[in-house]
Amino acid sequence: MRVAIIGGGACGLLLANLLEEAKVSYELFEKSLIGRKILASGNGKANIGNIHLEPNQYNQPLGYELVSKYKDKLNAFWKRCGLYTKQDEEGRIYPLSESSLSVLQCLLRKNLHIVENYPITRITRMNQKFYLNEVRGPFDYVVLATGSIASFLPKKQQGFYDFLNGLDVQMTPLVPSLVGFKLVGNLKRLQGVRIKCNAKLIQKNTILYQESGEVIFKNDGISGICVLNLSSYYGRFKDKRDCRISLDLLPGMEVEVESHEALTGLLHPKLCDYLKDIPIQQINSLFHDFSFPIAGLYDFEFAQVASGGIALEEINDDFSLKKNPHIYVGGELLDIDGVCGGYNLMFAFCSALKIGEELCNIK
Ligand SMILES: Cc1cc2nc3c(=O)[nH]c(=O)nc-3n(C[C@H](O)[C@H](O)[C@H](O)COP(=O)(O)OP(=O)(O)OC[C@H]3O[C@@H](n4cnc5c(N)ncnc54)[C@H](O)[C@@H]3O)c2cc1C
């Protein structure tokens with residue numbers, strides 16, 4: 001039996017380790033940089049998982065089900081490959097070294113069969129065997145672990161999913177996720193301001209999601225970790241009409257001011273400047289509802305993940321394609337994404353564990 005893995009990221013590399021351990025013959029094809037997103041993750045520290053698991057941390061129940069089932073096996077894998085980990089007060093799991101390079105180096109410790117700088121653009125089947133780009137093969141099984149267009153420059157996003165042509169699989173619409181919001185309003189004067197506040201995603205009068213944390217103003221929108229999580233929930237709602245972001249600038253504080261001068265010393269100077277044209281009677285209500293209509297999300301280039309991907313209706317319980325059960329799909333290419341906190345890498349790694357188990361059983 002011979003397996004082709006397309007993509008040398010979180011899912012593909014972990015799977016290659018499992019096949020190597022089980023002595024299954026495989027080749028991993030990577031079009032550019034091995035483990036690029038692992039290296040970039042968690043600001044270079046790699047937040048590889050989280051001990052707190054809740055269903056709403058993923059856009060689909062399957063994400064939560066899989067990581068809940070495989071979390072112990074994932075820990076055991078890290079031990080096997082010599083990666084020491086630790087967790088912070090919020091349950092986020094990091095390598096003990098706090099360096100994403102440690103994660104990649106542990107994944108590459110074994111002598112993996114990797115073909116670098118080799119983009120796969122076409123998968124064909126002949127006499128029950130698969131061929132990649134017409135020339136690489138024959139393979140009995142193919143694993144699609146290509147991730148998504150998130151964080152790639154627009155030029156590199158073009159043709160990203162070409163390898164799916166001819167496989168007859170449905171993709172759900174792709175939306176940037178874990179990304180900032182573009183807002184309606186003239187925010188130029190607030191550019192660069194960072195405030196700790198409570199941010200709410202509101203549709204008409206219903207709060208869809210809220211989180212506290214740092215919000216960073218840009219010239220046409222906002223970013224920051226709690227904002228990234230708001231985008232994850234925003235992506236899940238089909239009807240996006242009348243959505244706005246509301247910031248509680250002074251959470252838990254009851255303050256009333258009688259003049260613009262009184263704002264000095266209470267709020268960031270740029271916020272005071274921004275509010276100086278607003279009648280003082282309105283300002284007191286703005287403290288807890290500093291609100292902007294949503295103009296949209298920033299592009300994929302600035303997103304950590306893509307929401308959407310191969311539709312879950314297309315896959316069997318073992319993560320193989322219904323229309324082509326010798327092809328498996330793992331990681332972010334599937335229509336499964338999570339919030340910040342290690343949930344996306346954790347899903348990519350756990351899907352590799354699942355697919356690895358299936359392939360090793362076939363062997
Ligand atoms: C800046 C940034 C920070 C992040 N931080 C975190 C974090 O701290 N915690 C967390 O959980 N998640 C984080 N994420 C998200 C996480 O990195 C991804 O969800 C995860 O890497 C997805 O794993 P994957 O194996 O599906 O895809 P990837 O890790 O993206 O790997 C896919 C690989 O396939 C290759 N490839 C694609 N197409 C082809 C092709 N046609 N032929 C050959 N090779 C191909 C790609 O070059 C890539 O190397 C972050 C993402 C970004 C961009």
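Visitor: Where is Asn117?
Guide: This is a predicted model, to start with. Asn117 sits in the loop between β6 (114-115) and β7 (123-126).

Visitor: And what is its phi?
Guide: Positive, about 55 degrees, although Asn117 is not a glycine. Most residues other than glycine have a negative phi.

Visitor: Is Asn117 buried or exposed?
Guide: Exposed, because Asn117 has 9 C-beta neighbours inside 10 Å, and the cut-off for exposed is 12 or fewer.

Visitor: What about Asn127, what's its phi?
Guide: Phi of Asn127 is near 50 degrees, a positive value in a residue other than glycine. Asn127 is in the loop between β7 and β8 (129-132). Asn127 counts as exposed, because 5 other C-beta atoms lie within 10 Å.

Visitor: Now peptide bonds. What kind joins Gly137 and Pro138?
Guide: A cis bond, with omega at about 0 degrees. Most peptide bonds are trans. Pro138 is placed in strand β9, residues 136-139.

Visitor: Switching to helices. At what angle do α1 and α9 pack?
Guide: About 35 degrees, with the axes 8 Å apart. Helix α1 covers residues 10-21 and helix α9 covers residues 343-362. Their crossing is right-handed.

Visitor: Which residues in α1 and α9 meet?
Guide: From α1, Ala10, Cys11, Leu14, Leu15, Leu18 and Leu19. From α9, the list includes Leu345, Phe349, Ile355, Gly356 and Leu359. By class, this contact of α1 with α9 has 13 nonpolar, 2 polar and no charged residues.

Visitor: How many residues surround the ligand?
Guide: 36 residues surround the ligand. The closest are Gly7, Gly9, Gly42, Gly147 and Gly331. Elements that give two or more residues to that shell are α1, α2 (36-40) and α9.

Visitor: Which one gives the largest share?
Guide: α9, with 5 residues.

Visitor: How does the shell divide by class?
Guide: It has 16 nonpolar, 15 polar and 5 charged residues.

Visitor: On to α4. Which of its residues are buried?
Guide: Ser100, Val103, Leu104 and Leu107, in a helix that runs over residues 100-107.

Visitor: Next, Asp335. Buried or exposed?
Guide: Buried, because Asp335 has 25 C-beta neighbours inside 10 Å, and the cut-off for buried is 20 or more. Asp335 lies in the loop between β19 and α9.

Visitor: Which residues does Asp335 touch?
Guide: Leaving out residues up to four places away in sequence, Asp335 touches Gln60, Thr172, Gly308, Gly309, Ile310, Ala311 and Leu312. Take Gln60: Asp335 and Gln60 are 275 residues apart along the chain, yet their C-alpha atoms are separated by 7.9 Å.

Visitor: And where is Leu312?
Guide: In the loop between β18 (305-307) and β19 (327-329). Leu312 counts as partly exposed, because it has 16 C-beta neighbours inside 10 Å. Not counting residues up to four places away in sequence, Leu312 touches Gln60, Leu62, Leu334 and Asp335.

Visitor: How far apart are Leu312 and Leu208 in space?
Guide: 24 Å, C-alpha to C-alpha, and 104 residues apart in sequence. For Phe237 and Leu208, 29 residues apart along the chain, the C-alpha separation is 9.2 Å.

Visitor: Where is Phe237?
Guide: In the loop between α6 (225-236) and β16 (243-248). Phe237 counts as partly exposed, because 13 C-beta neighbours lie inside 10 Å.

Visitor: Last stop, Met1. What is Met1 in contact with?
Guide: Val24, Ser25, Asp140, Ile362 and Lys363, leaving aside neighbours within four places in sequence. Met1 is found in the segment before β1 (2-6). Met1 is partly exposed, because 13 other C-beta atoms lie within 10 Å.

Visitor: How far apart are Met1 and Gly35?
Guide: They are 34 residues apart in sequence and 26 Å apart in space, C-alpha to C-alpha.

Methods. Residues are numbered from 1 along each chain as its sequence is written. This is a predicted model: local features need pLDDT of at least 70, side-chain atom pairs count only at pLDDT 80 or more; totals for chains, interfaces and linings use all residues. Axes are lines fitted to C-alpha atoms, for helices over the stretch in contact, and angles run from 0 to 180 degrees between N-to-C directions. Helices (H or I, at least four residues) and strands (E, at least two) are DSSP runs, numbered from the N terminus. A crossing is left-handed if the near helix is turned anticlockwise from the far one by less than a right angle, and right-handed if clockwise. Two residues are in contact if their C-beta atoms, placed from the backbone, lie within 7 Å. Ala, Val, Leu, Ile, Met, Phe, Trp, Tyr, Cys and Pro count as nonpolar, Asp, Glu, Lys and Arg as charged, and the others, Gly among them, as polar. A residue is near a molecule or strand if its C-beta atom, placed from the backbone, lies within 6 Å of it.
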